[in-house]
Amino acid sequence: MSTQNSLEATLVGGWTPFHPLTAQDQAVFDKAMHGFVGVKYTPQSVSTQVVAGTNYRFKCTASMPPAEVVWEAIVEIFQPLNGGAPYITGIIRL
(Lines give C-alpha, C1' and ligand atoms only; values in the text may rest on other atoms or scores of the structure.)
Protein backbone atom coordinates (compact mmCIF):
# COMPACT_ATOMS: atom_id res chain seq x y z
CA MET A 1 0.00 0.00 0.00
CA SER A 2 2.82 2.44 0.77
CA THR A 3 4.23 1.73 -2.71
CA GLN A 4 0.93 2.88 -4.25
CA ASN A 5 1.00 6.12 -2.19
CA SER A 6 4.58 6.79 -3.25
CA LEU A 7 3.69 6.15 -6.88
CA GLU A 8 0.71 8.51 -6.75
CA ALA A 9 2.87 11.28 -5.22
CA THR A 10 5.29 11.12 -8.15
CA LEU A 11 2.75 11.08 -10.99
CA VAL A 12 2.88 14.16 -13.21
CA GLY A 13 -0.24 16.23 -12.60
CA GLY A 14 -0.95 14.52 -9.28
CA TRP A 15 -1.40 16.35 -5.99
CA THR A 16 1.23 15.97 -3.27
CA PRO A 17 0.09 15.06 0.25
CA PHE A 18 -0.48 18.08 2.52
CA HIS A 19 2.79 19.11 4.17
CA PRO A 20 4.19 22.06 6.18
CA LEU A 21 4.78 25.25 4.21
CA THR A 22 8.22 26.13 2.92
CA ALA A 23 9.38 29.75 2.72
CA GLN A 24 8.56 29.66 -1.02
CA ASP A 25 5.01 28.35 -0.35
CA GLN A 26 4.47 31.15 2.19
CA ALA A 27 5.73 33.75 -0.31
CA VAL A 28 3.28 32.52 -2.98
CA PHE A 29 0.43 32.65 -0.44
CA ASP A 30 1.38 36.17 0.71
CA LYS A 31 1.62 37.51 -2.86
CA ALA A 32 -1.73 36.03 -3.91
CA MET A 33 -3.49 37.29 -0.76
CA HIS A 34 -2.01 40.82 -0.95
CA GLY A 35 -4.88 43.30 -0.75
CA PHE A 36 -7.46 40.64 0.17
CA VAL A 37 -9.79 42.09 2.81
CA GLY A 38 -12.47 40.64 5.05
CA VAL A 39 -11.65 37.12 6.17
CA LYS A 40 -8.17 36.46 7.58
CA TYR A 41 -6.68 33.19 6.29
CA THR A 42 -3.71 31.61 8.06
CA PRO A 43 -2.14 28.69 6.15
CA GLN A 44 -1.39 25.55 8.16
CA SER A 45 -0.30 23.15 5.39
CA VAL A 46 -0.14 22.95 1.60
CA SER A 47 -0.59 20.49 -1.26
CA THR A 48 0.78 21.23 -4.75
CA GLN A 49 0.16 20.08 -8.30
CA VAL A 50 2.54 20.82 -11.17
CA VAL A 51 0.71 21.59 -14.43
CA ALA A 52 1.42 24.54 -16.78
CA GLY A 53 2.50 26.30 -13.61
CA THR A 54 1.73 25.21 -10.05
CA ASN A 55 -1.61 24.80 -8.33
CA TYR A 56 -1.60 25.20 -4.56
CA ARG A 57 -4.19 24.12 -2.01
CA PHE A 58 -3.51 25.84 1.28
CA LYS A 59 -5.35 24.34 4.26
CA CYS A 60 -6.05 27.38 6.45
CA THR A 61 -7.71 28.51 9.61
CA ALA A 62 -10.05 31.38 8.83
CA SER A 63 -11.60 34.13 10.94
CA MET A 64 -13.34 37.43 10.48
CA PRO A 65 -11.94 39.84 13.08
CA PRO A 66 -13.10 40.99 15.56
CA ALA A 67 -15.34 37.90 15.87
CA GLU A 68 -13.82 34.95 17.68
CA VAL A 69 -15.40 32.39 15.35
CA VAL A 70 -12.76 30.27 13.56
CA TRP A 71 -13.29 27.75 10.78
CA GLU A 72 -11.18 25.81 8.29
CA ALA A 73 -10.91 26.55 4.59
CA ILE A 74 -8.93 25.57 1.52
CA VAL A 75 -7.49 28.53 -0.40
CA GLU A 76 -6.65 27.53 -3.98
CA ILE A 77 -3.94 29.55 -5.73
CA PHE A 78 -2.33 29.26 -9.17
CA GLN A 79 1.27 30.30 -9.87
CA PRO A 80 1.81 30.66 -13.66
CA LEU A 81 4.81 28.95 -15.20
CA ASN A 82 6.05 32.15 -16.87
CA GLY A 83 6.70 33.82 -13.52
CA GLY A 84 3.50 35.88 -13.48
CA ALA A 85 1.91 36.84 -10.18
CA PRO A 86 0.10 34.07 -8.28
CA TYR A 87 -3.64 34.52 -7.91
CA ILE A 88 -6.57 33.02 -6.01
CA THR A 89 -8.65 30.54 -8.03
CA GLY A 90 -11.04 29.50 -5.27
CA ILE A 91 -11.81 29.41 -1.56
CA ILE A 92 -13.70 26.48 -0.07
CA ARG A 93 -15.09 26.61 3.47
CA LEU A 94 -14.72 23.22 5.18
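Biologist: Which residues touch the most other members of the largest nonpolar core?
Modeller: Phe29, Tyr41, Phe58, Val75 and Ile77, out of 15 residues in that core. A nonpolar core here is a set of buried Ala, Val, Leu, Ile, Met, Phe, Trp, Tyr and Cys residues joined through side-chain atoms within 4.5 Å. Buried means under 20% relative accessible area, exposed over 50%, partly exposed in between (1.4 Å probe, protein chains only). This is a predicted model: local features need pLDDT of at least 70, side-chain atom pairs count only at pLDDT 80 or more, and totals for chains, interfaces and linings use all residues. Residues are numbered from 1 along each chain as its sequence is written, and side-chain values use heavy atoms, without hydrogens and water.

Biologist: Which elements each supply at least two residues of this core?
Modeller: H2, S1, S2 and S3. Helices (H or I, at least four residues) and strands (E, at least two) are DSSP runs, numbered from the N terminus.

Biologist: Which residues of H2 are buried?
Modeller: In H2, residues 23-33, they are Asp25, Val28, Phe29, Ala32 and Met33. They line one face, because they fall within an arc of 120° seen down the helix axis. The arc uses directions from the axis to the C-beta atoms.

Biologist: And what is exposed on the other side of H2?
Modeller: Ala23, Gln24 and Lys31.

Biologist: What covers the buried residues?
Modeller: The cover includes strands S1 (40-51), S2 (53-63), S3 (70-80) and S4 (87-93).

Biologist: New topic. Is Asn55 buried or exposed?
Modeller: Buried, because its relative accessibility is 18%. Asn55 is in strand S2. Beyond neighbours within four places in sequence, its contacts (heavy atoms within 4.5 Å) include Trp15, Ser47 and Ile77.
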